[in-house]
Amino acid sequence: MDPNRFKFDADEFYLKSPEQMRHLWRELPEACDNTLLIAQRCDVSFTEHEGAYMPRFPCPEGEDETSWFIKEVERGLHVRYPAGVPDEVRKQAEYETEVIVSKGYPGYFLVVADFIGWSKKNGIRVGPGRGSGAGSMCAYVMEITDLDPLRHGLIFERFLNPERASLPDFDIDFDERRRGEVIHYVTEKYGEERVAQIVTYGTIKAKQAVKDASRVMGFPFSMGEKLTKAMPPAIMGKDVPLSGIFDPRHKRYAEAAAFRQVHDEDPQAQEVVKTALGLEGLKRQWGVHAAGVIMSSEPLLDLIPIMRREQDGQIITQFDYPSCEALGLVKMDFLGLRNLTILDDALINVRSNRGEEIDLDALSKSLDDPATYELLGRGDTLGVFQFDGGPMRALLRLMKPDNFEDISAVGALYRPGPMGANSHTNYALRKNHLQEISYPHAELAHALEPLLGTTYGLIVYQEQVMEIAQKLAGYTLGKADLLRRAMGKKKRSVLDAEYKGFEAGMVANGFSPGAIKALWDVLVPFSDYAFNKAHSAAYGLVSYWTAYLKANYPAEYMAAVLTSVRDDKDKSALYLNECRRMGIKVLPPDVNESSANFTAVGTDIRFGLAAIRNVGHNVVEAIVATREDKGRFVSFEDFVRKSPAVVCNKRTIESLIKGGSFDSMQHSRQGLVRVHEAYIDAVSDEKRQEAIGQDSLFAGFEDDDGSGTRTATSLLAMPPIPTAEWDKSTLLAFEREMLGLYVSDHPLFGIEHVLAQHADTSIASLTGDDSKPDGANVTIAGLITGLQIKRTKKGDLWAIATVEDLDGAIECLFFPSAYMTVSTMLSHDVVCVVRGRLNRRDETPTIFAQELTLPDIKDGPRGPVVVTLPLARATNGVAERIKRVLGEHPGVTEVHLKLTQPGRSVLMRLDDTLRVTASPALFGDLKALLGPSCLT
């Protein structure tokens, strides 16, 4: 063992027995006696009582929580229904009010409505709803949620059951950048002593226990790696426990054969595992709940132990939430949702780029935009909330949604349970008349059609289970919710007891034993994974908003998406390629045009300055402020003269140059890199004097440059900027280093057909979803952008190569046997094809490479066929004839369509199904159809 390792110098770190303590303090025996006396005087007890300390709302004078709640509901009814409150709405609101008041929850509703109202007034984007709370009419009229529950068939009892003791639980989504402001508001309003974030305790899991045991016992890092690599992969974030690996009764025992083999063959591994078994399950460290905040009617110090975090002074509970809840404290969930941030940025982009104001609440009332449903039907939903993954996009193409019910359903169906029963495919087929709609029993068809008609005879939602029990078996909705919960627990004794009441109710309504049994046998398994419609509909609304913006304001929306992922280079590359597919040009950053974020400029997107490496927000703010105050920068010299000292940092300026931020000034990037230090040195003293408020000795000697801009005379003549430029590969390599991805060009442009010919999957499909399982054989094609050569303990060489295509990047591991055969081909900036086995056992997917080949990128066309067409001729008939011609010459070369009109042109990439063979025969057919000038 390493003698210099971190270690304790004593061996007495354990709880000693009374006899040992008496012996230790034998010279001062009263010390032990006094310790016992103090312990006997300590009297701390906790009383468990659900909801006892629900926060109190400060009502106006003369009102209590109940009276004010009733008035707020009445006021909200007239706000939500200005043309008159429908009878069914008023009836539902009165029923809910009675339940909420009887349970003592008016204050809870008022508190939640208060901080949501404050957020909206202060421009903080709030989600339309989350979880079962969207089923409450009172929540809707108080503007806690934004989805009309009656219109969408949502059930209040799923949220707050009058027939069982249950606390209401609103989970609220906020713009993730401003979530902290809302927490600060409630802390200030309700008192720092009554508000706290919630502690969490991290548990040592199986893999961590093995690694920790190996490290502490002094074994090399490879020992822990060898053991953990042999463990079965986690499923849904859950490891197989070490005890389960050796227990034949465990359901995943068979998967751990490789681990047991390593364990049995290595005595040192046995020592590590023995120690790890003792560590597994212990608490490792404390953290803070990602969203939960406790709000209490009484000072928390009187109820539970609390602590203050040193970094920011935040008050945090020392009990975890289950303990706090049992003691009567209530949790509010303040969640940050990235897509609300995207929505807010997109609306700002639309306002600044087009001068239009979009009202999302008004959109929620119609939900019938044709362009939105066309986009969903095409599966063009990369970047759309919930619908981003490849398999989801395939489901949308099969389903072809044409109403909001489909959007809600697809979110509920795309989950392991319904997909395991093939419900998602059955829904799509039945919707499009490709599969017959059927019910569990012919006798039930008439009764179930009103309940399951919108989902084509399939049970998709928990609310449908409740309605079936209500309509067919005579249950109240409260009892129906209890039945649903019992079905989900799958306990045979409970199910048998519930079946008796269910059967009696259906018999009373005239159904036969066969029909009852058939329905029960469908309900029990489906209730386990049927989804909460209130949540599905509320999140479906966010999906509709994002799809609407992508369909109708593509540049503005995609600029917001790119801003949201600017720190994730893989996702940035994926969405940048999506912009190119959509015909949106992403322009490099520019000190005269860019702001901090990606912004829409006409139909294009301008790269944000804050996404450049080494360029902080303070630098961006200074550049934008200088540009607004002193005018556009006309040259690089003008830029360094006008900009404050915080911008004129050599490292920052070099990053801006390599990222292309000065390209519009017609300077070469290489030339600027060579002289920028001299320019900065020449003005550095002047900048320092400006920063401390001193005028230059020569401030009066100013020259007018003829354009109305006055510039100070330099004591040193600035060197001329060389015109020489780097070669394309060097320029792009520096650009990628600064921006994290290729923007102005890409080494793979023009050879997409080669990649498509050799690869059987894109890299994004491996890193972005789980459609390919662990161990699957895959073939990818792309560019080697990173290469690390390593050596094993035996001295054998192996390598990790980062391979990147137009959609993403992945690490390929070439172990010694594979490395020996490919080492001469492995090099930076090489286009290659890698075949190997997908590894999903680590946090990020990798490929265990088996083969590497170098495709011939010289043969065949390197660029797309560009077809030019005047916009006036772009009719449906001409489009069909072009499609027919392209279809007669199938191949691997992509086709771009350039639509022109005086002073403007738009370039669109056609679908990959229309790739062609770029032959004289194709060119002749296109010229015969469109004229000799159609090809460029």
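Mentor: The largest cavity has a volume of about 50 Å³. This is a predicted model, in which local features need pLDDT of at least 70 and side-chain atom pairs count only at pLDDT 80 or more, while totals for chains, interfaces and linings use all residues. Residues are numbered from 1 along each chain as its sequence is written, and side-chain values use heavy atoms, with hydrogens and water left out.

Trainee: How is a cavity found, and how many of 30 Å³ or more does the structure hold?

Mentor: Rolling a probe the size of a water molecule over the atoms shows where empty space is left. A cavity is a set of points, on a 1 Å grid over the protein atoms alone, where a 1.4 Å probe fits but cannot get out. Grid points are joined across faces, edges and corners, and the volume is the space filled by probe spheres set on the points. The structure holds three cavities of 30 Å³ or more.

Trainee: Which residues line the largest cavity?

Mentor: Lining residues have an atom within 4 Å of a point. Here they are Ala573, Leu576, Arg580, Leu741, Tyr742, His746, Glu804, Asp805 and Leu806. Five of the lining residues are nonpolar, one is polar and three are charged. In this division Ala, Val, Leu, Ile, Met, Phe, Trp, Tyr, Cys and Pro count as nonpolar, Asp, Glu, Lys and Arg as charged, and the others, Gly among them, as polar. Helix 28 (residues 569-581) gives the most to this lining, with three residues. Helices (H or I, at least four residues) and strands (E, at least two) are DSSP runs, numbered from the N terminus.

Trainee: What should I look for in a nonpolar core?

Mentor: A nonpolar core is a set of buried Ala, Val, Leu, Ile, Met, Phe, Trp, Tyr and Cys residues joined through side-chain atoms within 4.5 Å. Buried means under 20% relative accessible area, exposed over 50%, and partly exposed in between (1.4 Å probe, protein chains only). The largest core has 118 residues, and those that touch the most other members are Leu549, Ile605, Ile623, Phe636, Phe639, Leu656 and Phe662. Helix 26 (residues 533-552) supplies the largest share of this core, eleven residues. A second, separate core of 47 residues includes Val99, Val141, Ile144 and Met295.

Trainee: Where is Met295 found, and what does Met295 touch?

Mentor: Met295 is found in strand 3 (residues 283-295) and is buried, with a relative accessible area of 1%. Contact means heavy atoms within 4.5 Å. Leaving out residues up to four places away in sequence, Met295 touches Tyr53, Pro55, Val111, Val186, Tyr190, Arg194, Val195, Val330, Met332 and Phe334.

Trainee: Which residues other than glycine have a positive phi?

Mentor: Leu367 is one of them, with a phi of about 55 degrees. Leu367 is found in the loop between helix 15 (360-366) and helix 16 (370-378), and is buried, with a relative accessible area of 5%. Another is His433, with phi near 60 degrees. His433 lies in the loop between helix 20 (423-431) and helix 21 (445-452), and is exposed, with a relative accessible area of 74%.

Trainee: How many helices and strands does the protein have?

Mentor: The secondary structure comes to 38 helices and 20 strands. Buried residues make up 47% of the 936 residues.

Terms used
On a 1 Å grid over the protein atoms alone, a cavity is a set of points where a 1.4 Å probe fits but cannot get out, and a pocket is an open set with protein on both sides within 12 Å along at least five of seven lines; lining residues have an atom within 4 Å of a point.
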